[in-house]
Amino acid sequence: MRLSMFIHSQYGRQGCMIFLTSSLGLSNGYLSLCVFTMEPQGYKMSFLCSSFSPFTGSRAKRVGNLFTLFLLIGVTLAIALNWMWLIGMAGIMAKPEAKGRMMASIICWFLGIGCLLAWNSMLTIQDYYQYLFPNYHSARVLPIVYFPVVLTTTATLAYYEATLNTRKRIISGFLLLFMSNAAIIILDLATSGGGGLVRFIALCLIVVIVAIAEGTLEGGLFGDLSFMCPEFMQTFLSGMAASGLLTSSLRLITKAAFENTKSGLRNGASKWHVIMVFLSIATSFMLLCVFLYAFVFAKLPIVKYYRSKAASEGSKTVAADLAAAGMEMQQIGITDEEGGHKQLERLSTKQLLAQNIDLTVAVILTYVLTLSIFPGFISEDTGKHSLGSWYAVVLITVFNLLDLIGRYIPVSETILSRKGLVVAAMCRYLLIPCFYFTARYGSQGWMIFLTGFLGLSNGYLTVCVFAVLPQGYKGPEKNALGNLFALFLLIGVTLGATLDWMWLIAQMHEEKNERIGSDAQRCIGGL
């Protein structure tokens, strides 16, 4: 159907397009009706209630709510693919040197997923780790190990960004992620799924490797894509959000499938097999990213165009990528010494920071707030509701879904005001009292709404900052800014994850005061 519509949009008549559009609408409506009508048949309603217990109301309503969630996930993925369609059509109509835009956007999306897939995978299987290491607080310890290492790695590479080989940097990052994921599988098989201190230490060492790999990757990819059109950066950022949505959706599905089995969600053999399959898929995905970046992305005409333009402006980090595409720096460079001297001039790092201090504040404030609430607060400190153990899983999925949608909202030139972005990032801090009072006194519907707004605003502000950032700069300066803002983003993430502990400390303090108050009342009553 999609191929037919593409061909008729290019070469067919309007009558054929009207017929195809009608067929699309008719089949969509009929299939939706069939799925929602036939879906309860063949199951006992008691089984449906036990498996999908988070949804309140009648038995049929519970199943319907779950399938409504899946429908929304499908709509979101369709929106993402629709953008790929539009980008591809723009690439077809573009000049010859700009062809390959659609394929480049798809690859950027895959690279964004692969960049965070390893860490998100480890977060997804925290139930499994909590079962293996009940005394070591893996959900809190692993981030403490991860964030300082990834921050140090990114800062170090950002300092030397002008002299690094970006191609080797990105490929080595994906290969390290491949080896770390493979090491997790080998470790689990070697210990027969057992726990203990030695295995926990080994897991922490693997987390260190993941942190080094992602610190190597993120700055390199942000710098490399800063040379190119804003659509590539937006698609890459959307891929990073899609990584979180994919992993949280997997957790939602596995929880629905295995929560009420005899062995339970954490220690069932089926759960172990699901985890091994998921880690195997994530491991293979890293090799796919290596192949796409090394052998496909570099040879696309539009990518060669932007990299050759960056090289002509004095950027040396693209030399290996241009060589892999069959181009030499001498073919692009300026032979005139005076002209070459002018083009090789670039602003220093301090000058770049001074000119972009507003965007620095915006990106740090955005991620400090987001990570101080998500995922810690909404996972542990939102009280008890009718969704039960599903509550945190649904909130995390809603956040990731709206974060992805926010990164696909078109970026308007009228909204891209630097001061406006800073004001918007500061206004988001009004969400803190909203979350606090909603957790204590509000209903789960309001909490879901706030979580969705947190994700939507996080995704949109991220895209806006990185769309504004490289405008008006030369190639070497764009690469420097990409590396620096990858560092600032991680600083915001690290500070937010640290402040996330404040919610836990405040909750412990309140519980302590409540215990003291209840003890005092019992003492008074005894007197």
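Analyst: The crossing of helices α18 and α23 is left-handed. The model is a predicted one. Helix α18 spans residues 357-373, and helix α23 covers residues 444-468. Their axes come within 10 Å and cross at roughly 155°. Because angles over 145 degrees count as roughly antiparallel, α18 and α23 are roughly antiparallel to each other.

On the side of α18, the contact is made by Leu-359, Ala-362, Val-363, Thr-366, Tyr-367, Leu-369, Thr-370 and Ile-373. Helix α23 contributes Leu-454, Asn-458, Leu-461, Thr-462, Val-465, Phe-466 and Val-468. By class, the residues of this contact comprise 11 nonpolar and 4 polar ones, with no charged residue.

Each helix also holds a serine to be examined. Ser-372 lies in α18. Its relative accessibility is 7%, and since buried means under 20%, Ser-372 counts as buried. The side chain of Ser-372 reaches the backbone oxygen of Leu-369 at 2.7 Å; Leu-369 is also one of the α18 residues in the contact with α23.

In α23, the serine in question is Ser-457. With a relative accessible area of 12%, Ser-457 is likewise buried, because this value falls under the 20% limit. The side chain of Ser-457 is joined to that of Arg-428 by a polar contact of 2.9 Å.

Key: Residues numbered from 1 in each chain as written. Predicted model: local features only at pLDDT ≥ 70, side-chain atom pairs only at ≥ 80, totals over all residues. Heavy atoms only, no water. Helix = DSSP H or I, 4+ residues; strand = E, 2+ residues; numbered from the N terminus. Buried < 20%, exposed > 50% of the residue type's maximum accessible area, 1.4 Å probe, protein only. Polar contact = N/O pair within 3.5 Å; in protein donor to acceptor, adjacent residues only side chain to side chain. Axes fitted to C-alpha atoms, helices over the stretch in contact; angles between N-to-C directions. Parallel < 35°, antiparallel > 145°, perpendicular 65-115°, else oblique. Left-handed = near helix turned anticlockwise from the far one by under 90°. Contact = heavy atoms within 4.5 Å. Nonpolar A, V, L, I, M, F, W, Y, C, P; charged D, E, K, R; others polar.
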